[in-house]
Amino acid sequence: MQKITPYLGIIVIIVSVGGIFYPKLGYFLLLVFASLMIIAPFRGRWFCGNLCPRGSFADFWLAPISRKANIPPVFRSMWLRAPIFAALMGFMVYRIIQTQGIVDKVGMVFVTMCILTTAVSILFGLAIAPRAWCSFCPMGTLQRTIGKGKYELKVDREKCIECGKCRKVCPMQLPVNEILSKPDCIKCGRCVEACPKEALRF
Ligand code: SF4
Ligand code: SF4
Ligand code: SF4
């Protein structure tokens, strides 16, 4: 069921480090953006849990050395997420306008964004939890908004024995078996695999 692999995380290193010397690597971010925009209207945040290179980086590279503490609830609040989305997108567009369309300069804007957000994700990933950044990442917020209610995780209350195994494995630290709507579920399928009673399904 789980599709995300450790190998995707290498792309984060290639773009963040290689992009300094070869800015065109930054255009990879456009591919990421296009992919998640195509997927989100049908599957919500599925991209985050199955294809995102930084998600893979968090799950496989950061997780072994992360504190794995609780993600503060404020990280999920739209009062924080909406301004972060507006600030980062506004900053990126402003920088792109300044490049006057020069290909390498535009690429470097994307590389800079990648380095900036990767640095923050590593910091929070180590100090809090691997997917702490994913709780307020602008691209996650965008997918949540576009794909709310799509491909929802369903809980069979008759089968659930409240063992809590699903909550333990959830990388987003969601109350998996408690609430029905989980717009920040990244559809990774880990809870489905962990449930001993087959009470969860998409
Ligand atoms: S929230 Fe952002 S960094 Fe995390 S998996 Fe989704 S797109 Fe990638
Ligand atoms: S609720 Fe399940 S599918 Fe959704 S993020 Fe958590 S573990 Fe993954
Ligand atoms: S793992 Fe399955 S049985 Fe256990 S609490 Fe979660 S949904 Fe219920």
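In which helix does T141 lie? T141 belongs to helix α7, where helices (H or I, at least four residues) and strands (E, at least two) are DSSP runs numbered from the N terminus. The model is predicted, so local features need pLDDT of at least 70 and side-chain atom pairs count only at pLDDT 80 or more, while totals for chains, interfaces and linings use all residues. Residues are numbered from 1 along each chain as its sequence is written, chains are lettered from A and ligands numbered from 1 in the order in which they are written, and side-chain values use heavy atoms, with hydrogens and water left out.

T141 counts as buried because its relative accessibility is 4%; buried means under 20% relative accessible area, exposed over 50%, and partly exposed in between (1.4 Å probe, protein chains only). Contact means heavy atoms within 4.5 Å. Not counting residues up to four places away in sequence, T141 touches M78, R81 and F136.

Is R131 buried or exposed? R131 counts as buried, because its relative accessibility is 1%. Leaving aside residues up to four places away in sequence, the contacts of R131 include C48, G55, D59, P171 and I186.

Two further ligands have shells of their own. Ligand 2 is surrounded by L153, C170, P171, V176, C185, I186, K187, C188, G189, C191 and F202. This shell has 9 nonpolar, 1 polar and 1 charged residues. Around ligand 3 are C160, I161, E162, C163, G164, K165, C166, N177, C195, P196 and L200. The shell of ligand 3 has 7 nonpolar, 2 polar and 2 charged residues.

The helices may be considered next. The 16 residues of α2 (residues 28-43) should span 22 Å at 1.5 Å a residue, and the end C-alpha atoms of α2 are 22 Å apart, which agrees. The expected span of a helix is 1.5 Å times one less than its number of residues. Within α2, the buried residues are V32, L36, I39 and A40. An α-helix has 3.6 residues a turn, so residues three or four places apart point the same way. The buried residues of α2 pack against α3 (46-50) and α7. After α2 comes G44, whose phi is positive, near 60 degrees.

For α6, the 25 residues should span 36 Å at 1.5 Å a residue, and the end C-alpha atoms are 36 Å apart, in agreement. The buried residues of α6 include V106, F110, M113, T117 and S121. The partners against which the buried residues of α6 pack are α1 (10-21), α2, α4 and α5.

Several loop residues complete the picture. A69 lies in the loop between α4 and α5 (78-98) and is buried, because its relative accessible area is 18%. Leaving aside neighbours within four places in sequence, A69 is in contact with I128, A129 and Q173. The C-alpha atoms of A69 and L126 are separated by 9.5 Å, although these residues are 57 residues apart along the chain.

Q100 is in the loop between α5 and α6 (103-127) and is exposed, because its relative accessible area is 71%. Y151 is in the loop between α7 and β1 (154-155) and is partly exposed, because its relative accessible area is 26%.

Technical notes
Near = heavy atom within 4 Å. Nonpolar A, V, L, I, M, F, W, Y, C, P; charged D, E, K, R; others polar.
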